[in-house]
Amino acid sequence: MMVQEVKPKRSAALSALSLIVIIAFLATLPLWTDDYWVRIWTGVAMWAGLAASWNIIGGYAGYISFGQVAFFGIGAYATAILMQPGLDWNFFLTLPVGAVVAGVFALIVGWPTLRLRGAYFAIATWALAEALTQIVNTVDFTGGSFGLSTPGNAETGFFYYAMLIASAAIYLIVFLLLERSRFGYKVKAVRDNEAAAQSLGINTTSVKLQAFVLSAALPAVLGGIDAYWITFINPQSVLAGDITDQMVVMSLVGGLGHLWGPAIGATVLYLSSTWLNAHFGSSTGYIAMIGALLALIVLFLPDGLVGFLPRARNMRLVRQMLRLPERPAGAAGPSADTSGDRP
Amino acid sequence: MNALAVSDLKRSFGGIRAVAGVSFNVAVKEIVGIIGPNGSGKSTLFNLLSGTIPPSSGAISLLGRDVTHQPAYRIARQGLGRTFQIPTPFINMTVRENLLAAAVEGEWRSARSRAEEVLDALEIGHIADDLAATLSGGQQRLLEFGRIQMRDPQIILLDEVTAGVNPRLRQIILARVRDLRQKGKTFLVIEHDMELVRTICERIIVMDAGEIVFEGTFEEVARNERVVDAYLGRPET
Amino acid sequence: MVRVAMQLLVQTVIDGLLVGGLYVAISIGFSLAFGVLDVVDFAVGEWVMLGAFAGVASQAWLGIDPIAFLPAVFVIFALIGLLVAPLIYRVRTSRYARPALMALAFTFGIAMFARGVMLTSVGFDPRTVETHLVGGTMMIGGIHIPWLRLAGFIFAIVSTALFMGFLFFTRTGLAVRATAQNKRNASLMGIDVKRLSGLVYAIYAGLTAMAGVLIGAIYSFTAQVGPQYSLLAFFVVVMAGLGSVGGVLVAGLFLGMLQALVTVYVGADYTLAIVFGVLFLILLVSPQGVLRRGLAA
């Protein structure tokens, strides 16, 4: 009946095996490489987590946010501020604080804007990030444009594992909440057809809001770890628009609305940028590159790299884009009424 | 207590009066058909009843409770189900996932088995794992119907549910409608298919230009000169 | 003392109105492009930035005064817009789950690309557009009115008027308005929506770039200035209501005044935050725009 018959048992075993290999690889990394590579993979872990959290609101819920960096920055500043001499909080305790603050901001910004069309939400989140950057630049207790330092007294390996565990936790949360729970079905229903979801008893605004708050709290934790790791933060390093841009591009390149898409995208892009940086040393060129990449992916590869995984074909967003043969059983194209979808 | 009671319902879009003062009741277990030319306000009426759009004025009550101005999801939770004129499947989810997404709040654990029941009743078990986007138009309508069935609503609004559906699927839908009617459900049906209207509707409301112009049985409607001229057309002999 | 304070207020308001005119020029095209293409163009600020740099280039490379070069700027950027529009249209009409948001992401991508390319080629230094055709300051009752700003304002009003004239008094303009209201019906009536989208986007790009030249003459700018102007355009259009062209005039002037007042009475550093705050309040209270003419949900 189906064009691609993938025996369920074999594919499950295969993915379990690859997962084990990857976990083994990541878990033992510091034991067999030098600090340079450990730092790079810490970056990969961080970006994988950041992209995954963006994917919650952008991919699963279908509301594109252009201001996620605001939450990353909030987490970074929360940790940095609380670890200042005089307050001296324990690092681990600062993380939940950042997450909660970020969640509150998401609630405040999301509540009026998620009721509306996606375009308003995109604008509002983007404006939030820009406004936050300006405020942080001006206000004293954030160190203004000069930034803040955090005590630099931990090892490379510590940060690696911290980032890795935090990211892994994020993926686990996404898996449990969005792939395996009732909530996930609701979120995806809202994305696919909001009117229908409403007519089936789903409180779409509430669902969107929950997804958004979740997508805000998670990067805040990563931000906190980042602040401690790089020992010095300022608006440019943790609130720059490029950070959101990268989250967006990584998710899109990897695969929107797919569990592993962000991880794939983050790994590919981060390693590429590191390589490019080492050989050409231009960071503005990187901006141009990810901009072009975003545009090209949207045009030609909307499913991202995940579209190339054979098993993922059954779960793809748009079959037509890859021009696969039609399924034989009663298939006759989707009723894509695009005029009904407004931004 | 009426299943549905509508009182002087009005809805305008800018200068256009889509629904211009509609009042009617639907008794429990009735199947009422709504017919009328395109643009007569039928679908807008459905949107008003289901809470998809708010009325400009007037009142709606569902099973005795006032639901005017309530959001669509609340009305759905109070026992109203509806299909849409253009099928609205969740295109990136499979048929089974579509059904699961429709499960009633608080009944998640029984949702899976209920979905199996619905799949069987509608004879779509063989496409349960297909993406909704790949279904034919008729299958998508069947899926919409199935989604409603997951929730077991008391009152069901069907908007041209058999339009463009092949005869076999049409039979399935009609059989299910009859079953549900037996179990005490109330139906409000927008249709252009007069055969269908004649066979299953007990009472018919005729709309034109946002107003109700006639109410009665099919025979009465078919005899009414005005309705025939404006909309039905004379039977070919 | 009161007299001085009054004078300051009037001066501030006038300054704000003058620059508000330019905001109107940017936003009119942007709002219409949204109406016809159904896409929020996140690259609107980059058009401004690129226009400003074109103004610099016209003087530095061609020796032509930027003001005299304005028509050429329009043509150049309209052509570029004509190239970009079909791509946006293609994404917008593709079979995504949410094609409109994908198109928005697309414009975000090209905005980033433009910004990255400019940053790499010209760096981070601030510049201004130098013009000798217009200069000096007019004085009316103690209020300073720089000719340049006045010229900018006049330009904005004239181009807006021309644009409105095009929309309301020409056949093509009628087609554009019809399409903006209902794309499906418009195409059913034989209007080539795709070509029309290209035309509208081209005009919008050209217009916005021209406004960029003038903005660059009034304010110094860098290659990173794009997002700022995007935010301003968004604000104007949200306040007027997405899709409403009429309210843009009022909203643009209002924004100019708001910005000027905040800069003088609160501090330039807080303008962005306050603009965002007001934007947010508008979305909270009246999402169809303060003038309730747009489409909210």
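How many bridges join β3(B) to strand β8 of chain B? Four, and the two strands run parallel. A pair here means at least two bridges found by DSSP between two strands.

Before I go on, the conventions. This is a predicted model, where local features need pLDDT of at least 70, side-chain atom pairs count only at pLDDT 80 or more, and totals for chains, interfaces and linings use all residues. Residues are numbered from 1 along each chain as its sequence is written, with chains lettered from A and ligands numbered from 1 in the order in which they are written.

Back to chain B. Strands (E, at least two residues) and helices (H or I, at least four) are DSSP runs, numbered from the N terminus. β3(B) covers residues 31-35, and β8(B) covers 186-190. Four bridges also join β3(B) to β9(B), residues 203-208, again parallel. B:Gly33 has a bridge partner in each: B:Val189 in β8(B) and B:Ile204 in β9(B).

Five of the five residues of β3(B) are buried, so the strand is largely enclosed by the rest of the structure. Buried means 20 or more other C-beta atoms within 10 Å of the residue's own; exposed is 12 or fewer, partly exposed is in between, and C-beta atoms are placed from the backbone. B:Ile31, B:Gly33 and B:Ile35 point one way, B:Val32 and B:Ile34 the other. In a regular strand, side chains alternate between the two faces of the sheet.

Now chain C. Chain C has 11 helices and two strands, in the order α-α-α-α-β-β-α-α-α-α-α-α-α from the N terminus. Of its 297 residues, 53% count as buried. The C-alpha trace spans about 65 × 50 × 35 Å along its principal axes.
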